[in-house]
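Thanks for passing this one over for a second look. My notes are below, as numbered points to read with the model open.

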Amino acid sequence: MIFVFVSFKPRAGRSPDEMRAVLRATAPKYRTIPGLIRKYFIGSVETGRAGGAYEWETLAQAEAYHNDAWKRVIVET
């Protein structure tokens, strides 16, 4: 198994409730990603950071998913 931990600073002015809504809206898509065993959403009001912990079957699957296109989506969202 491979674990990937992602942490980012949400867009300025976005409240914790707004951030939760954005993350909840994305949750269903993770059920169909090949090789993804589990994804946890993480966040901290104290630090103002959000992110995720991904559990993958293989390194190749993790690398295929966490590509430049994925990074652009994270930045844009």
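**Notes on the model**

1. Let me start with a cross-chain pairing: Arg38 and Glu55 form a salt bridge, and their closest N and O atoms lie 2.8 Å apart. This pair ties distant parts of the chain, with Arg38 in strand β2 (residues 36-44) and Glu55 in strand β3, 17 residues apart. By salt bridge I mean a side-chain nitrogen of Lys or Arg within 4 Å of a carboxyl oxygen of Asp or Glu. Helices (H or I, at least four residues) and strands (E, at least two) are DSSP runs, numbered from the N terminus.

2. A word on what you are looking at. This is a predicted model, in which local features need pLDDT of at least 70 and side-chain atom pairs count only at pLDDT 80 or more, while totals for chains, interfaces and linings use all residues. Residues are numbered from 1 along each chain as its sequence is written, and side-chain values use heavy atoms, with hydrogens and water left out.

3. Arg38 is partly exposed, at 38% relative accessibility. The classes are these: buried is under 20% relative accessible area, exposed is over 50%, and partly exposed is in between (1.4 Å probe, protein chains only).

4. How many salt bridges does a search of the whole structure find? It finds three. Besides the pair above, Arg20 bridges to Asp17, with the closest N and O atoms 2.6 Å apart. Both residues sit in helix α1, three residues apart, about one turn of the helix. Asp17 is exposed at 58% relative accessibility, and Arg20 is partly exposed at 38%.

5. Asp68 is exposed, with a relative accessible area of 53%, whereas Lys71 is partly exposed at 44%.

6. The largest nonpolar core has 14 residues, and Tyr54, Trp56 and Tyr65 touch the most other members. Two or more residues of this core come from each of β1 (2-8), α1 (16-26), β3 (49-56) and α2 (59-65). Such a core is a set of buried Ala, Val, Leu, Ile, Met, Phe, Trp, Tyr and Cys residues joined through side-chain atoms within 4.5 Å.

7. Where is His66 found? His66 is in the loop between α2 and α3 (68-76), and it counts as buried because its relative accessibility is 14%. Not counting residues up to four places away in sequence, His66 touches Val4, Val6, Tyr54, Trp56 and Lys71.

8. Gly35 is in the loop between α1 and β2 and is buried at 11% relative accessibility. Beyond four places in sequence, Gly35 touches Glu55, Trp56, Glu57 and Gln61. Gly35 and Ala50 are 15 residues apart in sequence, and their C-alpha atoms are 23 Å apart.

9. Last, strand β2 holds Ile42, which is partly exposed at 39% relative accessibility. Setting aside neighbours within four places in sequence, Ile42 is in contact with Val6, Ala50, Gly51 and Gly52. From Ile42 to Trp56 the C-alpha distance is 17 Å, with the two residues 14 apart in sequence.

Notes
Contact means heavy atoms within 4.5 Å.
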